[in-house]
Amino acid sequence: MDQSQLRRLGGAAGILFTILFLIAFFISGDPPGFNASPEQLADYFADNRGELQVTTALLIAAGPLFLLFLAALARVLRIGEGRGPATLSAAAYAGGLIFAALILLAVGLLWATSYHGGLEAGAMQGLYDASNGSFLLAFGIGVTTLVGATAAVGLATGTLGRWLSVFGVVLAAYTLVVAIIASFSETGAFNPIDGDLTGIAVLAFLVWTVWTSIVLIAHAEGEPVGSIG
């Protein structure tokens, strides 16, 4: 497969991943907060078992698509860095893998908990909190590293375009700050479960993914990497 085909495939996969992720994000019901009672948690898992099953299936389908997008992006970044150790492209690739692994862990914990309504309150709360913690780490570490390293290559070499790179710098900084503050927030806008500021981070990452995918597709044919965007 040549470079143009890889970019098109990766870009298309990134767009399809975003669609599936958005559907999964909105279909999983209204999750209770950290201060939810055992009864509220039990009701959530009982009432949303079907939705959590669909969410899990959607993210299983989205996983390979994201990895294809990530592979194509990492290749473009590697070429953009030129000769040398390619530290930033490797960091971006690693950040993407961390994101994917932790997101799948988060939804896997919710899926498993939904099958066992008879769990003790402490066990259910522990699994629920572990899922939310995995989601927080996926963005705080995975997205920050993926987007930040990609933006750094873009600003240094012109790869993927200046405005996408600037957006990436802002998004990486925003996600890191929100994730750090969310580590101490059980309620409010920084709440990692349903806080408005964490929700903005999720949606902004999906915008970044679509934007990056479009650039990969639009400039797939024989254009120097440094002039993309």
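Residues carry numbers from 1 along each chain as its sequence is written. In this predicted model, local features need pLDDT of at least 70 and side-chain atom pairs count only at pLDDT 80 or more, while totals for chains, interfaces and linings use all residues; side-chain values use heavy atoms, with hydrogens and water left out.

**Exercise 1.** Find at what angle helix H3 and helix H4 pack.

Solution. Helix H3 covers residues 49–81 and helix H4 covers residues 87–114. Their axes are 9 Å apart, at an angle of about 175°. Therefore H3 is roughly antiparallel to H4 (angles over 145 degrees count as roughly antiparallel). The residues of this contact divide into 19 nonpolar, 7 polar and 3 charged.

**Exercise 2.** Identify the residues of the nonpolar patch on the surface, and the helix that gives the most to the patch.

Solution. The patch is formed by Leu16, Ile19, Ile23, Ile27 and Val54. Together they have about 380 Å² of accessible area, from the Shrake-Rupley method with a 1.4 Å probe. Helix H1 (residues 3–27) gives the most, with 4 residues.

**Exercise 3.** Decide whether Ile19 and Ser89 are buried, partly exposed or exposed.

Solution. Buried means under 20% relative accessible area, exposed over 50%, and partly exposed in between (1.4 Å probe, protein chains only). Ile19 lies in helix H1; its relative accessibility is 44%, so Ile19 counts as partly exposed. Ser89 lies in helix H4; its relative accessible area is 4%, so Ser89 is buried.

Methods: Axes fitted to C-alpha atoms, helices over the stretch in contact; angles between N-to-C directions. Helix = DSSP H or I, 4+ residues; strand = E, 2+ residues; numbered from the N terminus. Parallel < 35°, antiparallel > 145°, perpendicular 65-115°, else oblique. Nonpolar A, V, L, I, M, F, W, Y, C, P; charged D, E, K, R; others polar. Patch = residues over 30% accessible without salt bridge, like charges linked within 9 Å, V, L, I, M, F, W, Y side chains within 5 Å. Salt bridge = Lys/Arg side-chain N within 4 Å of Asp/Glu carboxyl O.
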